[in-house]
Each structure stands twice: as structure tokens, then as C-alpha cells.
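Please read this report with the model open beside it.

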Amino acid sequence: MVVANQKTGRSHAVSGYFDSMSRRKRARGQVPQQKQLSGKTVAVLSDGVDSGLDNAFNHLESALGPVQGGAGGLARLDAMVTTELGDVIDALAEEGAVLLNTSEHPDCPTDEAAYRAVRAPKPLYDHWVDYRGWQHRVGIDAKAQNGPTTSIPLALAARAVNVVLAAAPASIALFANSPLEGGMPTGLKENRLSIWPRMFAAAKFPCDARLSQTPGRRFSDLADYFRRAYGVGTVMHTVPLASSRDYKGASHTARPEGDPSLMRFLAESAWPGIACDSGESVMLAPSAMHFEYLQFMPFLDARFRFRFGSLPPVPELLEALHGRRNLETLMAEYGAEGYIEGRCPGANFPDAGLLAEAGADVAATVVMSASAVQAGLLANLEEAEKLVADWGWQRLLALRQPAVAAALDDAAVHAFAGEVLAVARAGLDAGDRHWLGYADWVWQNKRTGADRMLETWHSLGGDRDQRLAGLAAQQTVLHPSQWATAAVI
């Protein structure tokens, strides 16, 4: 979620936000807990909701769920989303801030000083910037997404990842919402997705850029997926000195010496490392915990995410990774549960302009529409695979950049998005299909958030500051209580 000053539209770093969110949770009868890193509060944890930060204090993130899927599942999630979004908007109002309906702040400085001033104190970021050479600051303008996560049986996981990766051009185009950067049109409808080549342009290890790019072929199974992430030619990141599942929140970490791949690391009984906070030499005991912990390494348009019930012995895990036994079966034996994390849909929320143009029924589906598309595709997996086969893997890879640049103005992207919506609709329960409302409206009218934002931008006059303030006023996210009642503009 992109945060801005209510009056000026400038990027806003939250201050009292977490205390305000805690009060709201307590008033609802919950017992919230504040999470801290380096003495700073970075999240409020409550019932089924993690109200925190992504990479900076101007870039909020709320993670919600899980909820039971199937018929009515999207409505169950929407109830959580609207409650949380209302809390976020009310908490921000206390410090004179708002959310903007955009997937990237339209005019936020991304220089080193601005980056250091607002970056969240997550130790992993030091490793990324200081050791791996990432230009992490290119994301400090709050590049944001409505990221759907959908559970999937382990036996279907690789097929599901393939489908969501292949559907990326449709997801990018339907939810494109970031045409501006640095106070200027970029020529891209979803400039947010220019982040990866820029972030990894000077990376120390070539694998970092490669792992952000969709592979040239489908994954054959989960072992194939993880070999690409963890095998020859890759370099593992820092790992916690104690057991942890929070890769952005682990405070005591170490960098394995010699820059091994994870699979090389796991093949040894012990590995030397360097403690990130003290610089001292340590010995690391390779564990399946490291396999679970490092699952963030592929920065793909879709990722398989999972959690073990209990950790398998490393020799068994390596056997499966090398293809000598089935990884899906092994993970099931150790109680793993998995889901697909979609990373393409840009952040979209109702604003007054959308409500006036599309109506209350469409506005009420905006936040959930990306989840509806993904849930429908994965519930209709065989038809989704047929669609991908009909278009062809390589052709769909080639459609990604036209989707980023032109969204639905590209004829092939528009045609593909329509077929994706049809397959998704068929996969949803009849009572859940209305959650596709925003995506359907965008497709039918070729009116993405980016198109509406550009129209607003070009209609505004004044200097740079006046233009930003005017844009922000029109792009302010409406409180859920206003989604059916905001005045027409």
C-alpha cells in the first residue's frame, strides 16, 4: 500500500501508525502484539492479520488469512480485507496521511539519502545492498501489489506455478496501475515491474537477476523448481543462527563463507560462516530449515510457498532434490502445506473516480479481483493448462513486456486476458464469480488504473507540487464505508 501526505501527496513515512493500529485491534477485543526490529516497531500481529511494512516506512503491507477456500471463500477473505483496510485508513488519518490508489508512488525520491531515511530495519537488506550489490532503493517508492495466495495440493504445485507464471501478461495488464515515476509518465502502464532489472543491474551474482526471470520452459515438478532456485550457479543468502521462518525479520544471521548454493551447503555436515552483526566466525549446521527459510530466492511473477509440519532429514531432502525420490511425496510425509503466491497484480483500490465511472458493485470487488482470477484459474487447472498450451509458453513469455508497457492497449494481451478471465470464471463457484467484477470491467472497457491515472495527470495544471497534490486528492483510497456512498466527481 502506497502512503502519502493527505495535503501534499508526497510520500509519507508512518510514525504513530502501529500504536494506532494496536488501539483499533484492542477495541475489537483482540490482543495485538507489536513486532520490533532494532528498537523500531515494524508490525502489529493480531488475529489472522499481520499489519506491517514491506521494505520501508512509506510502504505498508497487510497479510491476511488463511481462510477456508471453496464456495464463499473469497467473501470470507473480503470481510477480513475490508476491516483491515478500514483500520489502515483510519490509523493513517491520525497522522495526516492517506493511501493512494496506485501500485507505485507517482513522485517519490529514490536517491540513497531518501532510501536510508525510510528503509525498514530488516537485516537481510544489509546483505542485499552491501554484499550482493542490489540497488534495493529502486523499490523505495512503494512499489505495491495486491498479491493473491491460493493453497494447492503438493501434487499439483508445479503445474499451478506454471499456469500462474504463464498467465502473467493478463494479470499485469488487468491490474496495471503505475504509469508515473519521479513526477513523469514513464511510457509503461505498470512501471512497478521495471524494478527487477534495475535492482539487479549491478548485482555481484548473476543468479540474482536470472531468478527474477521466468524460465524458458515449464517446471516439470517441484524438484525442478527448487533446483533452479537452489542448485548449481546459485548463491544462498544469509541464514538465521537460530531456527526462524521470518526471512525479513530474523535478527541474528550469518553469511556462509565461499558463497555456496544451498544444495552444496546441505551436502555438508557443517559449514563455516560469518555472523552478520559481529563479524565473528561461526559454524552452521545445514538443515531442512534452511531449505524452508530461503524459499523467497526466486523473485518470479509467481512462487510456490510452503511450510513443513516437521523438518525432514537432510539426506532424504537431498535425495528428492536430485530426483532420486519424489519431492512432493517427501514434503507430504513431513506435513508440508503449500500455496501459490501471485506477484503480478499491481495494487488497486476504490477511489472516487472509479466509483463514479464503474459504480459501487465494481468498486466493491477491486481489492479481491486478483484473488478471484488466481483462485478461478487454479480451480480450473486442466482448462488453464490447455489455454497456456494453445498460446504457447514462448509466446506468453514474449507478451509480458507488452503487458507492462501497453496493458490492454496491446491487442494480443487484451485477447489473452479475456481468455484467462473466461477460464477463471468457469473455475469459480457461481456465487463467487461476481468477485471478477473489477477485472471484467477493466477488460471490457480497456480502462486500467494506469489509464485513469494518466488522464488525471494530463488534466492537471500548476507546478510539480500542485500537480502531485491534485493527483493525490483524486487517487485517495476510499474508506470501505464509502464504497457505495462517495459523491460523484
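The structure holds 0 disulfides, a disulfide being a pair of cysteine sulfur atoms within 2.5 Å. The sulfur of Cys 207 has its closest cysteine sulfur in Cys 276, 17 Å away, which is too far for a bond. Cys 207 counts as buried, with 3% relative accessibility, whereas Cys 276 is partly exposed, with a relative accessible area of 44%; here buried means under 20% relative accessible area, exposed means over 50%, and partly exposed lies in between, for a 1.4 Å probe and protein chains only.

This is a predicted model, in which local features need pLDDT of at least 70 and side-chain atom pairs count only at pLDDT 80 or more, while totals for chains, interfaces and linings use all residues. Residues are numbered from 1 along each chain as its sequence is written, and side-chain values use heavy atoms, with hydrogens and water left out.

A search of the whole structure finds 3 cavities of 30 Å³ or more. A cavity is a set of points, on a 1 Å grid over the protein atoms alone, where a 1.4 Å probe fits but cannot get out, and its lining residues have an atom within 4 Å of a point. Grid points are joined across faces, edges and corners, and a volume is the space filled by probe spheres set on the points.

| Cavity | Volume | Largest share of the lining |
|---|---|---|
| Largest cavity | about 110 Å³ | α16, 4 residues |
| Second largest cavity | about 50 Å³ | α18, 4 residues |

The largest cavity is lined by 15 residues, and Val 164, Ser 171, Pro 345, Val 373 and Gln 374 lie nearest its centre. The lining of the largest cavity divides into 10 nonpolar, 3 polar and 2 charged residues, where Ala, Val, Leu, Ile, Met, Phe, Trp, Tyr, Cys and Pro count as nonpolar, Asp, Glu, Lys and Arg as charged, and the others, Gly among them, as polar. Around the second largest cavity, the residues divide into 7 nonpolar, 1 polar and 2 charged, and the lining includes Asp 301, Trp 393 and Arg 400.

Helix α20 spans residues 437-445, and its buried residues include Tyr 438 and Trp 441; helices are DSSP runs (H or I, at least four residues), numbered from the N terminus. The buried residues of α20 pack against several helices, among them α6 (168-174), α16 (366-379) and α21 (449-459), contact meaning heavy atoms within 4.5 Å. After α20 comes Lys 446, whose phi is positive, near 50°.

Note on methods:
Helix = DSSP H or I, 4+ residues; strand = E, 2+ residues; numbered from the N terminus. 1 Å grid on protein atoms, 1.4 Å probe; cavity = no way out; pocket = protein on both sides within 12 Å on 5 of 7 lines; lining within 4 Å.
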